[in-house]
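Hi,

Here is the model we talked about, with the sequence alongside. Have a look at it first, and then read on for my notes.

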Amino acid sequence: MDYSKQIQDIAAKLFADGKIDVFVGYRMNGFDDNQIPVVITDPKEVSTLVFTEKSVFNLSNYLKADHTRNKRAGLVVKGCDSRSLNLLLTESQVKRDRLYIIGIACEGVVDDKGQKMQNCIECIVPDAVVYDEMLGNPQGRKDYIVNADIKALAEKGLVERREYFEEIFENCIRCNACRHSCPLCYCAKCCIDQETASLYNGSNTASSAFHALMTWSLHLAGRCVDCRNCEKACPSHLPLHLLHKQNEKVIFENFQNHLAGVEEGERGAFYKYSLKDPDDFIM
Amino acid sequence: MSFSTFVTDKAGLQKMYEAIISKHETYAPVEKFGKYDYKKVSSLKECDPDSPIAETMSVKPLFFPRSSKIMKYEATSAGTSILETDQDPLTAQRVVLGVKHCDARGLQVLEAVNKWDYIDSDFLKRRENTVIFSARCDKAGTHCFCTSLDYDLENLDALDIAVVNGAEGKIYLQTRTERGETFLKEKLEKSTMYNVQSTNDESEMKKQYVAFAASFRLKMDYKDINEKMAKRFDSPAFEEASRNCVSCNTCAFICPTCHCFKISDEKIKDTGVRYKSYDSCNNVYFTLEAGGHNPRPAKYRRWRQRSMHKFVYYKERFGVNLCVGCGHCAISCPVNISIFDVVNHIASTPVGS
Amino acid sequence: MEALLVPSLAKVDRIIQETPDVRTYRLKFKDDSVTEKFSWLPGQFVEFSLLGSGECTFCISSSATRKGYFDCSIKRAGVVTADIHSDIEEGDDVGIRGPYGNYFPLDDIKGKNLLFVGGGIGLAPLRSLIQYCIDNRGDYKDFTILYGARTSADICYKEEIEEWKKNTSIKVVLTIDKPEDTWKDNVGVVPKILEEVVKPEIANTKVITCGPPIMIKYTLQSLDRLGFAPKDVITTLEMKMQCGLGKCGRCNIGSTYICKDGPVFTYEQLKALPDEF
């Protein structure tokens, strides 16, 4: 999977035609085969753009930043990235007519060690769902897979599950990198950043970390697109996907196979409350 | 006091470590989810004193905890009372195994800020009561540049005992401080010094240092960087370089020298606890005033503060860089930003353009 | 370190409603041994805790020459100050750490004419120095206070200002931004009144000023125009602080710690700082 040349050409044309002010893509880091996201304003830098299976980070995260907000931006999105972008559009965080979206029919990306990312193995929507131009051969929707770790989680009792998560969160250092790297966490003031006394006191004590991460995951329930930006950002390598995939499974199974961000303009599962909704999964 | 050198092999070192763990409160890198963090251990099997640098957290939290309790209080309509304040628990000596050289150097750098004016006696006491055994750093990691930052491999006394690989499976132990010397000579019983012998031959260690120093991909002339950065406060390069930062704050939380903190309260009904916890200047709330004014509203300003603090401000104030070249920030950055690359880039841009 | 962050308990002796959104809290330590040790000079600040809500930085707005108590004047601005206004009543306990920071250069201003220029809640730190100077009146020459507020209702320390007016050795000039029916004093912003009404003597005069950022900006320009040297203009900075001990890094501007090297600076010193306050 290498679309570097195509992306360079498209970006160059967009700048030349005066259609964009910034372009968000990837470039090589300059010393090994890993990449760095870049926000380009100078058309001369277009030649540094690349896209390969090392283009891991979900770029829709940059649409909430100063230098792209209220600007006309071009960007590259893989299947999962396009779903979070779709949600940002639905939730009125970005304007569609200011974006030029290069969608990728994604064959999966790899981690630092060259292993295919687990979320790519489980990927249901590899092709970008919102785009102006598509690169690659669309593969269509894949089957929904419940991975072994989520199955194991479902088999645990409630107490056991809580203990399991407490053990995981023990190594949380409360840097909040998971939240900041999430493209869908855009609140101006996050509920876990209270300045007055509260349960979320910013310390990495067990109760505070547990509350903060649980609350965070619930705010992303039915919205998380499994791009795993949060796991990439976590300095303690916590398996944060367990929270999100568990939520995803419950929502998929109980809300007519709902998958976040797949349909343009579709509201998240939590916004579609109805009295007929099933509730037997609630604790 | 003169310092000593010992020679042993892997089995001898392991035996000694096991004896230390059984007799002393010992901390060492413990793996979880592929990342090593310093934790209290009860056997050598639980930990890896030679954990890979890229996957090891800083040792700083053992000296400057990620969160510490300031006090517990009760506030009711009947009145307010302070129930308990935090007493520093560290009175006995403890040992930390497998500390990377850069990380130990970080503790030394932090002493400056903890010693000026109000003295952070807890930090200093914790360091005084800790014997640090170094990791066997023998090859630089991708992001390592510790040797560029006023760092003397042969004499660095931020470590108490340097553990160095020699030829043919030999391992050298060199004491670097009185604390280390006393620990090895007096606190350890002779029987635990299995196969650990005194030596005067340091030639192999020196060879190892030369090889280690040669393995660095990154080299920096920090004096040049200090000077150039100081003149580039207004450089537009800061804005450009910070664009791809997602302000996730990880770099500050895992840095061996970042020391900014916040004070926050947790209150459940009438009882509250006040904590001191890590914070980061990359955080938009960091300088946001109650009235709404923020002196560093834009991301690049916060980002500039962090890099200038590392390479200009701290140096101006305390005479030492607030960076030890460990590369932790580059390793942990979700978007692979390397402070080495960025600082060099900014220093290379024209002044005032 | 943590021990240095534990506050001492103080009792709120009196609450004075200065303006609709400013209250002065008169505080006395509960423990006499703390009172004995607690000595401060004008310009210093304390960390004020409403336990269960949070900690905020406030200057001490009274002078140690007035014994037995100290004042903090608090404007409702953010979440914690709103809690302070709504939750604290006379007789309640609060936590106090301090005093921290430097103080007005008392030696430098000795034997000089003093010109105080304050706006709004900015009179609070000046009041500490004004009280101190009044109590040592013999050490200073001419004494002028120029104070402005948005409206007459926004004037802090109304009773005390009346006392200052009665003191024949002090010249008090008051102004409000817009005319009001019952207002007989000056109307206009502080820098304008400074240039048109006060017309201060430049030689041998020290200016001490504090107020909202916009007033400070234009007042400094006025003082420049009038011919004051930057080293003769003294102000006090407001910056988010947390520890007050030169450790937490919040108030770093360049290599300066506002909580230790400040909050009092001359205009000359301020000009040398990066523009981040």
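Leaving aside its neighbours within four places in sequence, which residues is Ala140(B) in contact with? They are Ser215(B), Phe216(B) and Arg217(B), where contact means that the C-beta atoms of two residues, placed from the backbone, lie within 7 Å.

Before the rest, some housekeeping. This is a predicted model, in which local features need pLDDT of at least 70 and side-chain atom pairs count only at pLDDT 80 or more, while totals for chains, interfaces and linings use all residues. Residues are numbered from 1 along each chain as its sequence is written, and chains are lettered from A and ligands numbered from 1 in the order in which they are written.

The model scores ipTM 0.89 and pTM 0.91. For chain C the mean pLDDT (the predictor's confidence in each residue, from 0 to 100) is 92, and 100% of the residues of chain C reach 70 or more.

**Chain B**

Back to Ala140(B). You'll find it in the loop between β7 (130-134) and β8 (161-165) of chain B. Helices (H or I, at least four residues) and strands (E, at least two) are DSSP runs, numbered from the N terminus. Is Ala140(B) buried or exposed? Ala140(B) counts as buried because it has 20 C-beta neighbours inside 10 Å. The cut-offs are 20 or more other C-beta atoms within 10 Å for buried, 12 or fewer for exposed, and partly exposed in between, again with C-beta atoms placed from the backbone. Lys60(B) is 80 residues from Ala140(B) in sequence and 21 Å away in space, C-alpha to C-alpha.

Elsewhere in chain B, β4 (residues 67-76) and β5 (residues 79-85) form a hairpin with 2 residues between them. These two strands run antiparallel and are joined by 6 bridges; two strands pair if DSSP finds at least two bridges between them. Met71(B) has Thr85(B), in β5(B), as its bridge partner.

Chain B also meets chain A: 34 residues of chain B are in contact with 39 residues of chain A. On the chain B side, the elements giving two or more residues are β3 (35-41), α8 (250-254), β11 (261-268) and β12 (271-278). β11(B) gives the most, with 5 residues. By class, that side of chain B divides into 11 nonpolar, 12 polar and 11 charged residues. Here Ala, Val, Leu, Ile, Met, Phe, Trp, Tyr, Cys and Pro count as nonpolar, Asp, Glu, Lys and Arg as charged, and the others, Gly among them, as polar.

**Chain A**

Chain A is divided into domain 1 (4-135) and domain 2 (148-271), with bounds that come from an automatic or database domain assignment. The C-alpha centres of these two domains of chain A lie 24 Å apart. Between them, 22 residues of domain 1 are in contact with 20 residues of domain 2. Helix α2 (residues 79-90) of chain A supplies the largest share of the domain 1 side, 9 residues. That side has 11 nonpolar, 8 polar and 3 charged residues.

**Chain C**

Chain C is divided into domain 1 (2-100) and domain 2 (106-236), and the C-alpha centres of the two lie 25 Å apart. Each domain of chain C puts 16 residues into the contact. β1 (8-19) and β5 of chain C each supply at least two residues of the domain 1 side.

There is an open antiparallel sheet of 6 strands in chain C, in the order β4-β3-β6-β1-β2-β5. Its edge strands are β4 (54-59) and β5 (70-75), each pairing on one side only. Strand β2 (residues 22-29) of chain C is joined to β5(C) by 6 bridges, and Arg26(C) stands opposite Asp71(C) in β5(C). Helix α2 (residues 79-87) of chain C packs on this sheet, touching β2, β3 (45-50), β4 and β5.

Another open sheet in chain C has 7 strands in the order β10-β9-β8-β7-β11-β12-β15, with mixed pairing. Here the edge strands are β10 (186-187) and β15 (264-266). β12 (residues 233-236) of chain C and β15(C) pair in the antiparallel sense over 3 bridges, and Thr236(C) stands opposite Val264(C) in β15(C).

Cheers

Key. Axes are lines fitted to C-alpha atoms, for helices over the stretch in contact, and angles run from 0 to 180 degrees between N-to-C directions.
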